[in-house]
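The sequence and structure come first.

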Amino acid sequence: MAETQRRPVPRNDDGELDTALAFLTFAREAVLRKTEGLDDEQIRRALVGTGTTLLGLVQHLTVGERYWFGFHVAGIEAADSWDFGMDVPPDRPAAAVLDDYRTAIHESDRMIREAGSPDTKVLRPVDGRWLSVRWVLAHMTTETARHAGHADILREQIDGTTGR
């Protein structure tokens, strides 16, 4: 089967922060690519026992972006609660969920750059530890890549489209 969505991995090696952002961006774009060209039913279709959907993965990652980069890195006040769930209300338009993820990515990238260096410590501790922006970048890259893999499997089940 042809990998119709294949993109090359970044070859950026210009510095630690630029390289880290290039790989995080690659993973984010892979997730978004899995939603391209699908109708509302397809993007909301649950094909695994957990009920995970492409749209639910995007919603989950949006909250992750805001929690890790907004709350921990930038120190923005916490939401009343962080809902990492993947259940998207049926009346919430898919386009709004996707746009919200794109906005969260843009905001995260700004906050990462404003932090200045991967060595910078977070403004809010993680489990009582003052970890670095480097750690948060690595964590979010692995989480996003992991969910991109889930999205790849879901998309292949929906219409046979593969690739990263």
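Which handedness does the crossing of α3 and α4 have? The crossing is left-handed, a term for a near helix turned anticlockwise from the far one by less than a right angle.

The model is predicted: local features need pLDDT of at least 70, side-chain atom pairs count only at pLDDT 80 or more, and totals for chains, interfaces and linings use all residues. Residues are numbered from 1 along each chain as its sequence is written, and side-chain values use heavy atoms, without hydrogens and water.

Helices are DSSP runs (H or I, at least four residues), numbered from the N terminus. Axes are lines fitted to C-alpha atoms over the stretch in contact, and angles run from 0 to 180 degrees between N-to-C directions.

| Pair | Angle | Axis distance |
|---|---|---|
| α3 and α4 | about 25° | 9 Å |
| α1 and α3 | roughly 155° | within 11 Å |

Helices α3 and α4 are therefore roughly parallel (angles under 35 degrees), whereas roughly antiparallel means over 145. Helices α1 and α3 are therefore roughly antiparallel. Their crossing is also left-handed.

In the α1 and α3 pair, L24, R28 and V31 of α1 meet V58, L61, E65 and F69 of α3, contact being heavy atoms within 4.5 Å.

Helix α1 covers residues 16-33. Its buried residues (under 20% relative accessible area, 1.4 Å probe, protein chains only) include L17, F26 and R33. Among the elements covering the buried residues of α1 are α3, α4 and α5 (133-159).

Terms used. Helices (H or I, at least four residues) and strands (E, at least two) are DSSP runs, numbered from the N terminus. Angles under 35 degrees count as roughly parallel, over 145 as roughly antiparallel, 65 to 115 as roughly perpendicular and the rest as oblique. The expected span of a helix is 1.5 Å times one less than its number of residues. Buried means under 20% relative accessible area, exposed over 50%, partly exposed in between (1.4 Å probe, protein chains only).
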